[in-house]
Amino acid sequence: MQGVLTGFAVIAVVIAVGYVLGLRGHLGPQGREVLTRLAFHVASPALLFTTLATADLSVVFSSRLLVTALSTVAVAGAFVAVGVVRRWGVGRTTIGALCSGYVNSGNLGIPIAVYVLGDASLVAPVLLFQLVLVTPVAVTILDLSGGGAKGPLWRRLLTPLRNPIALGSLAGVAVAATGLRVPAPVMDPLTLIGNMSVPAVLLAFGISLCGSTMPMRGADREPVLLAVALKAFGQPAAAWALASGVFGLRGAQLLDVVVTSALPAAQNLYTYASTYEVGERLARDVILVSTVVSVPVLVGVAAVLG
């Protein structure tokens with residue numbers, strides 16, 4: 001239980017600092033936008049590159065990854081299906097689908113993996129899956145559904161190569177796959193810059209809470225409720241069913257995949273929504289509510305399967 005509480009406490013403190021900054025106006029009226037752009041265009045690409053460049057890509061072929069991928073597709077597909085029927089729009093539906101299945105595997109998943117599962121590397125499959133596949137696909141859809149949809153077909157097909165998030169991920173995978181060793185004079189500055197990503201995202205999220213209305217109200221109430229239900233309950237349930245019923249995982253392996261699937265929606269999803277100016281309130285509310293709801297869910301999962 002200590003790992004769950006520790007991870008959430010760290011996030012809560014940094015978000016609270018961001019809220020105070022926004023309340024007092026220390027960063028000016030454009031503080032949130034500057035932090036968001038810093039995270040999206042500079043810090044996050046550097047973090048993704050340095051993380052993936054030194055990663056063990058053999059986890060891609062593990063059963064844990066298959067469980068993660070299938071459970072993510074299941075809940076994201078459910079949200080997309082409802083979004084199409086309800087005509088929520090491509091961009092808004094994409095953000096909602098991400099919030100339904102994209103877990104906080106970094107700044108929350110790592111400490112929980114250490115304290116609850118006993119091994120930080122156990123979060124690697126979901127981390128790699130999200131960085132290598134989900135993120136490039138999602139930001140490409142957001143690009144094509146917005147201003148990036150204009151121009152010739154060949155230019156639109158090259159969208160991932162122009163997006164900093166996707167480019168950082170793909171470059172990191174290329175380095176890891178080829179076994180190249182990035183020189184320290186190059187890697188060290190990138191690591192230092194990448195370390196700004198998580199704090200910048202959390203601070204921007206905290207600033208966004210200033211003057212905001214209570215979550216799950218207004219036009220976004222329905223998609224928020226759906227995304228929270230899918231993220232907090234649907235994804236861990238799907239992961240448990242797949243892991244135990246299809247792949248025959250038991251004991252620590254079963255606990256691993258269910259705990260990682262029960263993590264709340266990642267804070268960097270708000271960065272994507274804010275950058276593309278679509279579904280911002282949806283992302284903010286789902287992240288906030290799913291983070292609160294995931295505490296008893298994670299404690300329950302650890303108690304039952306641990």
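Predicted model: local features only at pLDDT ≥ 70, side-chain atom pairs only at ≥ 80, totals over all residues.
A residue is taken as buried when its relative accessible area is under 20%. The buried positions of H12 comprise Leu 254, Leu 255, Asp 256, Val 257, Val 258, Val 259, Thr 260 and Ser 261.

Helix packing was examined for the pair H3 and H6. The axis of H3 (residues 63–86) comes within 9 Å of that of H6 (residues 124–145), and the two cross at roughly 50 degrees. H3 is therefore oblique to H6, and the crossing of these helices is right-handed. On the H3 side, the contact is formed by Arg 64, Leu 65, Thr 68, Ala 69 and Thr 72, which meet Pro 125, Val 126 and Phe 129 of H6. By residue class, the contact of H3 with H6 divides into five nonpolar, two polar and one charged. The spacing of contacting positions may be read against helix geometry: an α-helix has 3.6 residues a turn, so residues three or four places apart point the same way.

Cysteine residues were considered next. A disulfide is a covalent bond between the sulfur atoms of two cysteines. With a pair of cysteine sulfur atoms required to lie within 2.5 Å, the count of disulfides comes to zero. Cys 99 has a relative accessible area of 0% and is therefore buried. Cys 210, in turn, counts as partly exposed because its relative accessibility is 22%.

Conventions
Residues numbered from 1 in each chain as written. Heavy atoms only, no water. Axes fitted to C-alpha atoms, helices over the stretch in contact; angles between N-to-C directions. Helix = DSSP H or I, 4+ residues; strand = E, 2+ residues; numbered from the N terminus. Parallel < 35°, antiparallel > 145°, perpendicular 65-115°, else oblique. Left-handed = near helix turned anticlockwise from the far one by under 90°. Contact = heavy atoms within 4.5 Å. Nonpolar A, V, L, I, M, F, W, Y, C, P; charged D, E, K, R; others polar. Buried < 20%, exposed > 50% of the residue type's maximum accessible area, 1.4 Å probe, protein only.
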